[in-house]
Amino acid sequence: MARLELPVREKLDPEGQGAWDHVMGNRGHIGGPFTVLVHSPDLGKRVSDVGAYIRFESGLDKGLRTIAVMMTAREFNCRFEWAGWTKQGREAGVPERIIEAIRERRRPEGLTPDQELVMTFGQQILSAKHRVEKSTYDAAVQRFGLKGAIDLAMTFGYFAMLTFTLNSFEVDVPEGGDVLPV
């Protein structure tokens, strides 16, 4: 059960209502971490802007971005992100065997070169060292360009930040979403 009730725009103070409107402009709805972040209006607006870029404007392929998000959700045992992004992964054409492997914390076989690179990058940055090896960094820059490598790193970082909020406030998993074993 969530630690906060779902916000109602009319019950928020004027700053909170402004954050609500800002998030609605970026996302079209208030959900997930933004049910918490509208209570910190300036932060909510800024996080929404970064998220809008990463989710809707990044040059990374949606399937690759989704793999990065699922890896992050799994690493931090974030049930909310897992439920939402496994659905989006399927819609983006991520094979079920990849989703299952991430759920089971194992490396899938038969990855494309781009999927392999994203998985390697993610395993390194999400590891206990939280560093990407030079060879992986070089491969990411060569394949995706410097901007794309930055977008990839920030995808992992942005969603790690969201998992902390979602897990801290125990935001409920959407009904019918995949259940993540934690």
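Gly-31 lies in the loop between helices α1 (14-27) and α2 (34-37). Helices here are DSSP runs of H or I with at least four residues, and strands are runs of E with at least two, numbered from the N terminus. Gly-31 is buried, with a relative accessible area of 17%. Buried means under 20% relative accessible area, exposed over 50%, and partly exposed in between, with a 1.4 Å probe and protein chains only. From Gly-31 to Thr-120 there are 89 residues in sequence and 30 Å in space, C-alpha to C-alpha.

The model is predicted: local features need pLDDT of at least 70, side-chain atom pairs count only at pLDDT 80 or more, and totals for chains, interfaces and linings use all residues. Residues are numbered from 1 along each chain as its sequence is written, and side-chain values use heavy atoms, with hydrogens and water left out.

**Helix α7**

Helix α7 (residues 113-125) has 13 residues, which at 1.5 Å a residue should span 18 Å; its end C-alpha atoms are 18 Å apart, in agreement. The expected span is 1.5 Å times one less than the number of residues. Buried residues of α7 include Leu-117, Val-118, Met-119 and Phe-121. The buried residues of this helix pack against α4 (62-75), α6 (96-103) and α8, where contact means heavy atoms within 4.5 Å.

**Aromatic pairs**

The whole structure holds four aromatic pairs. Rings of Phe, Tyr and Trp (its six-membered ring) pair if their centres lie within 6.5 Å; planes under 30 degrees apart count as stacked, over 60 as edge-to-face and the rest as tilted. Two of the pairs are as follows.

| Pair | Centre to centre | Angle between planes | Class |
|---|---|---|---|
| Phe-121 and Phe-156 | 6.1 Å | 15 degrees | stacked |
| Tyr-158 and Phe-159 | 5.0 Å | 90 degrees | edge-to-face |

Phe-121 is in helix α7 and Phe-156 in helix α8, so their pair ties together parts that are 35 residues apart in sequence. Phe-121 is buried at 4% relative accessible area, and Phe-156 is buried at 2%. Tyr-158 also counts as buried, at 2%, as does Phe-159, at 2%. Ring pairs join Trp-85, Tyr-158 and Phe-159 in a cluster.

**Surface patch**

Val-50, Tyr-137, Leu-146, Ile-150 and Met-154 make up a nonpolar surface patch with about 450 Å² of accessible area together. Accessible areas come from the Shrake-Rupley method with a 1.4 Å probe. Patch residues have over 30% relative accessible area and no salt bridge, and nonpolar side chains are joined within 5 Å, like charges within 9 Å. A salt bridge is a side-chain nitrogen of Lys or Arg within 4 Å of a carboxyl oxygen of Asp or Glu. Helix α8 (residues 134-168) supplies the largest share of the patch, four residues. Leu-146 is in helix α8.
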